[in-house]
Amino acid sequence: MAHETVTGDAFENLLREKRQFAPSPEFAAAANVHEGIYAEANADPEAFWAAQARERLTWSKDFSQTLDWSDPPFAKWFVGGEVNAAYNALDRHVENGLGDRVAIHFEGEPGDTETITYADLTERVKRAANAFESLGVAKGDRVAVYLPMIPEAVVTMLACARIGAIHSVVFGGFSSEALRSRIDDAEAKLVVTADGTYRRGKPSPLKPAVDEALAEDGHTVQHVVVVRRNGQDVAWTEGRDLDWSEVMGAASAEHTAVGHDAEHPLFILYTSGTTGKPKGILHTTGGYLTQTAFTHSAVFDLKPETDVYWCTADIGWVTGHSYVAYAPLVNGATQVMYEGTPDSPHQGRWWEIVQKYKVSVLYTAPTAIRTMMKWGSDIPAKYDLSSIRVLGSVGEPINPEAWMWYREVIGGNGGRREERAPIVDTWWQTETGAIMIAPLPGITATKPGSAQVPLPGIAVDVVDEAGQPVPDGHGGFLVIRKPWPAMLRTIWGDPERFKDTYWSRFEGMYFAGDGAKKDDDGDIWLLGRVDDVMNVSGHRLSTTEIESALVSHPWVAEAAVVGAADETTGQAVVAFVILRGEASIPEGEDPAAVLRAHVGHEIGPIAKPRHILVVPELPKTRSGKIMRRLLKDVAEGRDPGDATTLADPTVMHKIAQDLRK
């Protein structure tokens with residue numbers, strides 16, 4: 001596949017960030033991991049990961065070999081070992097006397113709540129395992145999961161893992177076509193769904209999409225189990241459709257977990273390409289559980305006895321798999337699970353939840369942080385956020401100014417607390433399974449906007465076109481040089497595509513598809529996808545770089561930049577910006593002109609956007625991802641087409657109208 005080079009001009013002025021924030025002596029002294037862990041892991045990565053596997057998991061049969069890399073790029077970790085993910089997440093905590101510890105504080109969108117202990121959750125998962133087996137689901141069968149953020153989603157995933165069935169979670173915002181393509185590719189035998197969920201105070205349907213997906217014959221689905229969540233009337237196919245509560249009520253609460261091979265498939269998670277068949281990323285059991293558990297403990301400095309952890313990701317994404325359904329429970333943590341959106345019934349909803357449950361570790365996306373910035377600092381200032389001690393960021397590079405707002409306003413309890421909670425900016429992917437690059441909060445002096453350092457036992461590098469490491473201060477392609485425990489094992493049913501997609505660009509290295517830069521200290525800055533690099537009059541410019549420059553202006557809450565075809569310059573920079581709620585713009589001042597000049601000052605005249613459009617909202621999917629492809633269509637005068645996957649499908653129409661004006 002052809003990629004633009006990401007060296008040269010794009011990095012000359014990039015993110016000259018000199019601010020650093022060292023951990024407090026008190027935090028460092030009590031941290032889960034200490035400085036020596038890097039040397040220990042790098043001296044013998046296999047021994048390091050073997051120790052993590054044995055320390056963090058209970059194996060029903062010990063492994064005989066840590067890593068088999070005899071047939072690259074196909075890895076086998078913890079060879080010969082047997083382990084059960086659900087036993088590690090549940091039963092063993094109950095056996096160790098922790099049955100009364102809260103596993104999940106569930107907060108429904110309408111305000112209904114449920115407190116679920118480890119003993120409760122274990123019983124529910126055992127019932128679900130028995131129920132699924134009674135429906136003919138056996139080890140190796142695939143189960144499609146199309147659920148909102150409700151406890152039944154985690155129960156379903158762990159019940160599958162318990163019996164050795166392979167779950168394939170499909171995000172509840174995806175269409176019936178997307179659901180059907182994933183059901184067909186995995187040849188799913190069972191679908192677990194809900195009548196619907198709630199969205200901004202109104203019931204929102206889910207089951208009709210399942211019915212539509214299964215309307216045409218030729219699928220492999222035998223049963224659909226339906227959770228009654230919002231009470232909407234739904235169509236019912238006798239013999240196929242079953243009520244969750246009835247099926248679970250009839251199932252025994254006794255179920256013995258047996259070990260599965262360390263390489264037994266745990267789940268398939270599809271990444272949607274803009275074209276072609278979605279890629280079914282396959283993760284297996286032992287290595288995935290080991291690395292997610294280690295990273296959850298080390299990166300968030302998790303203290304399971306005292307912390308209340310909240311990852312805001314949906315279970316439809318890998319973050320919701322690794323850092324909601326698996327690692328927190330394997331580590332015996334207490335976590336918050338929230339069904340709704342950040343702005344319903346009001347824009348302080350998240351901070352109300354933090355205050356209510358005394359959340360101490362919060363893990364969320366830059367998109368959410370920038371949205372909160374746009375709403376204004378006065379909203380979180382109304383709540384007591386003093387419980388927060390670690391903040392995490394995931395999903396895309398975070399702009400330095402958004403990072404600073406997160407630190408000062410959320411990590412500093414609205415500025416009322418002198419000591420700020422450390423921020424861990426994490427880089428990883430669906431394919432990597434677990435966090436790969438992040439500061440460790442008790443060790444690293446953090447930098448606004450940088451994920452900084454590969455974790456212990458992880459071999460990440462930035463290379464040039466020829467696959468040679470770039471020196472500090474230069475940019476290139478982000479690669480992984482050595483296998484890692486949570487790595488994807490293949491693309492479901494298509495090993496050749498796995499090799500072509502991830503292992504063909506650089507010999508012997510996994511290419512992530514992301515551009516990155518090493519700063520003068522050797523710290524890593526993520527620059528987004530390599531194809532997000534524009535060529536303007538022969539100069540290479542990163543969209544992330546220009547977005548960061550825009551967001552560094554006090555008026556701007558959020559920005560999206562695209563390269564639009566231009567006869568003169570090849571590509572022209574077009575920017576879409578959302579202004580902050582509290583931005584005070586002098587009368588007669590043209591924000592677009594001021595912001596163009598600001599970008600010119602921050603990066604250089606070549607980076608000045610040709611057009612800057614101030615918009616009320618950006619086109620985002622329901623997971624918060626900005627759909628830059630649609631913005632590019634509009635910028636180049638094309639009809640953006642189908643916008644039904646957006647959280648607000650009307651956004652693109654408004655933007656197109658404004659741009660024409």
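I began with a sheet: four strands form an open sheet in the order E21-E22-E24-E25, with antiparallel pairing. I count strands as paired if DSSP finds at least two bridges between them. Strands (E, at least two residues) and helices (H or I, at least four) are DSSP runs, numbered from the N terminus. Strands E21 (460–463) and E25 (524–529) are at the edges, each with a single partner strand, so one side of each has no neighbour in the sheet. From one strand to the next, the twist averages 45 degrees. Axes here are lines fitted to C-alpha atoms, for helices over the stretch in contact, and angles run from 0 to 180 degrees between N-to-C directions.

This is a predicted model: local features need pLDDT of at least 70, side-chain atom pairs count only at pLDDT 80 or more, and totals for chains, interfaces and linings use all residues. Residues are numbered from 1 along each chain as its sequence is written, and side-chain values use heavy atoms, with hydrogens and water left out.

I then looked at E21 and E22 (residues 475–480), which run antiparallel and are joined by four bridges. Asp461 has Val479 of E22 as its bridge partner.

Next I took helices H4 (residues 85–98) and H11 (residues 318–330), whose axes come within 8 Å and cross at roughly 45 degrees. H4 and H11 are therefore oblique to each other; under 35 degrees counts as roughly parallel, over 145 as roughly antiparallel, 65 to 115 as roughly perpendicular, and the rest as oblique. Their crossing is left-handed, that is, the near helix is turned anticlockwise from the far one by less than a right angle (clockwise would be right-handed). Ala85, Asn88, Ala89, Arg92 and His93 of H4 make the contact with Tyr326, Leu329 and Val330 of H11, contact meaning heavy atoms within 4.5 Å.

I looked up H3 (residues 45–56) and H10 (residues 286–299) as well; they pack at an angle of about 85 degrees with axes 9 Å apart. H3 and H10 are therefore roughly perpendicular to each other. On H3 the contact residues are Phe48, Trp49, Gln52, Ala53 and Arg56, and on H10 they are Thr290, Gln291, Ala293, Phe294 and Ser297.

Last, the whole chain: I find 19 helices and 30 strands. The C-alpha trace spans about 70 × 60 × 55 Å along its principal axes.
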